[in-house]
Amino acid sequence: MLRVESLQKSFDGFMAVNGAGLVVEDHEIVAVIGPNGAGKTTFFRLITGHLKPDGGKIIFNGRDITGLSPHKICKRGISMSFQVVNLFHRLTVFENVQVAVLSHQNKTRMLFSPAANQSVPETREILASVGLADKADRIGGSLSYGDRKVLEIAIALGNQPDLLIMDEPTSGLSPEETAGTIKLIKRLSSELGLTILFCEHDMELVFSIAHKIMVMHQGNSIIQAKPDEIRNNRQVQEAYLGISD
Amino acid sequence: MTKGISSSKSIGFSAVCLAVLLVLPLVIPQFYTYTLALIFVISLLAMSLNMLVGHGGLYQFHHGVFYGVGAYTFALFITKTSLPVWTAFVAAPLSAAAIGLLIGWFCVRLTRLYFGMLQISLGSLIWAIGFRWYSLTGGDDGISGIPVPSFLASVTGSYYFILILLVLCLIAMYFILHSPFGVSLRATRDNPERSEALGINVRHHQLMAIVIATFFAGIAGVLYVVLERSVFPDLLFWYLSLEIFIMCLLGGWFTFAGPILGAAITESLKIFVGTYTEYWTLVLGIILILLIFFLPEGIMGYFLEKFRPRDGARVPEA
């Protein structure tokens with residue numbers, strides 16, 4: 001589904017991403033791990049078009065999407081949920097998701113039909129699947145931090161993506177909230193058939209749900225393999241797991 | 001969504017208000033009828049501005065220009081051409097929207113304060129044209145004694161005409177702000193970057209909002225001429241733009257009807273305190289200071305917030 005080849009990006013001479021590569025197959029859950037500053041977020045932002053790569057190639061569903069603008073990539077079926085919660089804080093929870101659905105259905109310029117009649121079932125379905133249905137009428141900015149993280153994911157789902165990219169979906173969450181998010185990610189994968197690519201610091205979470213793990217170190221992808229292999233790989237232990245002990 | 005306050009209760013409240021306003025001219029002195037009509041005109045102007053300030057997050061600092069363009073176009077069509085009167089009614093809002101498109105096209109390329117600064121500059125250019133082009137606009141004398149159709153000849157006649165158009169415009173605005181476009185516009189206000197990432201063309205939506213809002217400002221300009229029968233360059237001056245901007249903040253810029261309240265308060269102050277002292281702006285200034293400290297969401301914003309249902313269910317914004 002997604003193939004990234006020797007991606008490169010530098011900021012003022014600093015190579016943030018330096019030759020990273022990745023292959024994601026349909027319906028996989030793939031995790032990217034690596035120490036702080038390894039270039040995980042930059043790597044994701046390059047895929048979603050928020051940053052323009054200096055070199056390398058990104059192929060999605062057989063088509064080259066390298067360097068396209070974020071909304072074009074979004075229309076192709078890649079959505080991103082952000083690490084720093086990035087909501088529409090004065091809109092209701094319902095509207096937060098509805099806007100994404102409206103945009104996906106090219107309805108944002110409709111002037112003469114009440115929004116209350118547009119894209120409602122799709123929005124309700126997404127809210128129900130992430131467990132925010134009972135908070136639909138609350139204002140986005142008034143939610144608890146945990147709920148805002150979930151809403152963040154729900155907005156990303158509004159575009160009906162094939163591939164959902166999540167940048168640290170559990171950062172800052174309590175253990176219970178983290179457990180809830182793990183369940184949610186599993187459900188999105190099994191029920192909606194989404195392909196999921198995420199990065200995460202919580203190793204327990206990574207090893208419990210990822211089908212495949214890619215390890216980044218100094219902007220490069222040093223290995224991608226099944227969780228068991230990663231655990232036993234010496235290079236990884238040196239680069240990352242060793243340090244965290 | 002938008003249940004609760006915006007539904008049955010507020011429709012009932014609006015109907016009562018409308019009924020009172022329909023009866024009032026029969027019982028109050030003509031001066032008050034005239035004052036109310038003037039407040040309606042300014043309310044429409046402030047409402048049109050708030051589509052951009054409150055709902056679009058756009059600092060349209062010089063919105064008054066489009067009011068002036070509407071008023072001048074209407075006046076010029078009637079006095080300088082022999083076209084039927086209805087063409088003047090149609091041409092005025094359209095020309096305001098056309099100038100809105102022209103100025104907006106440049107402004108949406110900038111963000112926030114820079115948008116506002118460019119908007120003031122380009123708007124002032126229009127004022128300079130109105131002020132200097134004596135042969136066309138009459139310069140600082142303006143144009144007076146503009147003939148209007150006979151059914152608008154009396155103050156009461158123009159009062160009802162203005163009231164009806166105000167109500168029609170408010171209904172249209174309400175629908176627009178509750179449409180998918182309205183929701184998307186507020187999304188671009190709250191978070192332009194995320195909107196862009198979701199595939200919403202932010203600039204295009206902002207420009208669309210500017211054209212719509214300036215169209216309504218043009219209608220307000222027409223209504224002003226209907227009431228006053230004259231135009232002068234002050235209608236294009238930045239001072240008026242500042243006043244209506246304050247009305248939006250005062251009434252509650254994140255609410256639908258807040259600017260009407262703001263307009264009513266400001267205009268009443270101007271007329272009633274203004275008869276006692278020329279320093280009526282002092283009172284307005286004090287109100288503004290209190291507003292900033294105690295009611296940052298404006299008067300209507302504050303009360304909607306205060307009386308909203310418990311459990312954080314939201315107040316309908318539009």
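The expected span of a helix is 1.5 Å times one less than its number of residues. Helix 3 of chain B has 17 residues and should therefore span 24 Å; its end C-alpha atoms are 23 Å apart, which agrees.

I noted that this is a predicted model, in which local features need pLDDT of at least 70, side-chain atom pairs count only at pLDDT 80 or more, and totals for chains, interfaces and linings use all residues. Residues are numbered from 1 along each chain as its sequence is written, while chains are lettered from A and ligands numbered from 1 in the order in which they are written.

**Burial and cores**

I then asked how much of helix 3 of chain B is covered, and found 15 of its 17 residues buried. A residue is buried if 20 or more other C-beta atoms, placed from the backbone, lie within 10 Å of its own.

Next I looked up the nonpolar cores, which are sets of buried Ala, Val, Leu, Ile, Met, Phe, Trp, Tyr and Cys residues joined through C-beta atoms within 7 Å. The largest has 88 residues, and Val41(B) and Leu44(B) have the most contacts inside it. Helix 10 (residues 202–228) of chain B supplies the largest share of this core, 16 residues. Apart from this core lies another of 73 residues, including Val30(A) and Met216(A).

I also listed the contacts of Val41(B), two residues being in contact if their C-beta atoms, placed from the backbone, lie within 7 Å. Beyond its neighbours within four places in sequence, Val41(B) touches Ile162(B), Ala220(B), Leu223(B), Tyr224(B) and Leu227(B).

**A sheet in chain A**

I traced an open sheet of four strands in chain A, with order 2-1-4-5 and antiparallel pairing. Two strands pair if DSSP finds at least two bridges between them. Strand 2 (14–24) and strand 5 (63–64) of chain A are the edge strands, each pairing on one side only. Strand 1 (residues 2–11) of chain A joins strand 2 of chain A through eight antiparallel bridges.

**Where the chains meet**

I counted 35 residues of chain A and 28 residues of chain B in the contact. Helix 3 of chain A gives the most to the side of chain A that touches chain B, with eight residues.

Technical notes:
Helices (H or I, at least four residues) and strands (E, at least two) are DSSP runs, numbered from the N terminus. A residue is buried if 20 or more other C-beta atoms lie within 10 Å of its own, exposed if 12 or fewer, and partly exposed in between; C-beta atoms are placed from the backbone.
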